[in-house]
Amino acid sequence: TTPPRGRPAAKVAGGDRDRSRTPPRYKYLNTKPIFFPDSKLPCPNFLEGRGCHKRSCALAHEATGLVHLIRHFDSARKSLDVCVFVITCDAIANAIIAAHKRGLKVRVITDDDQMETKGSDVVKLVAAGIPVRNDSNKAHMHHKFTIVDGKVLISGSFNYTRQAVLQNRENVTFQTDRPTVGAFCKEFDALWKEFACNKVAAKASG
């Protein structure tokens, strides 16, 4: 569905932050809150740093909210721990897979009901060799956070979906203070252990 024309790109909140605790390699990234929706999805060529040669490409060729978010995924050097209710945005799924292909330790936790919904990218993640676990529970695994290298916390209302990017009023924040990031690392590890019996298996082909 084509989003309404004239909608501004996701807004990055103003104001300076104290970045004294920010690891050096993250300092060039935007760490201010991001507010969705975006007006367009980003062009894959733009995301990969290549020029787009299409005469009438309808995708974004600028640093939208989703582009800022994906840049953080791309900045990972050691690990990426993703704990999110639902994943249907291909651009985000591709960034997670790219981290895995770079040799990073990538782990994904998601909701068992949502991973079966139309457009879910969980099957694609598992097929790429990424370990995925779900809650296997009537209640929902409703978290929405990612931890980059155990040092940067990405969290907010934002589910990793196309609808969240283009339609919903959503927010994403970035935090690097050790107590907060450490608490979320502890939560992720606890869930990973709790869901040890709920490993998502790759679907047989054919």
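Author: H2 passes H3 in a right-handed crossing, a term for the case in which the near helix is turned clockwise from the far one by less than a right angle. The model is a predicted one, in which local features need pLDDT of at least 70, side-chain atom pairs count only at pLDDT 80 or more, and totals for chains, interfaces and linings use all residues. Residues are numbered from 1 along each chain as its sequence is written, and side-chain values use heavy atoms, with hydrogens and water left out.

Two packed helices are described by the angle between their axes and the distance between the axes. Helix H2 spans residues 65-74 and helix H3 residues 90-101; they pack at an angle of about 15°, and their axes lie 9 Å apart. H2 is therefore roughly parallel to H3, a description that applies to angles under 35 degrees.

On the side of H2, the contact (heavy atoms within 4.5 Å) is made by Leu66, Leu69, Ile70, Phe73 and Asp74, and on the side of H3 by Ala91, Ile92, Ala95 and Ile96. Eight of the residues in this contact are nonpolar, none is polar and one is charged; Ala, Leu, Ile and Phe are among those counted as nonpolar, whereas Asp counts as charged.

As for the setting, the protein chain has six helices and eight strands, which are DSSP runs of at least four residues (H or I) and at least two (E) respectively. Along the sequence their pattern is β-β-α-α-β-α-β-α-β-β-β-α-β-α. Of the chain's 206 residues, 47% count as buried, that is, under 20% relative accessible area with a 1.4 Å probe, protein chains only.

Terms used. Axes are lines fitted to C-alpha atoms, for helices over the stretch in contact, and angles run from 0 to 180 degrees between N-to-C directions. Angles under 35 degrees count as roughly parallel, over 145 as roughly antiparallel, 65 to 115 as roughly perpendicular and the rest as oblique. Buried means under 20% relative accessible area, exposed over 50%, partly exposed in between (1.4 Å probe, protein chains only).
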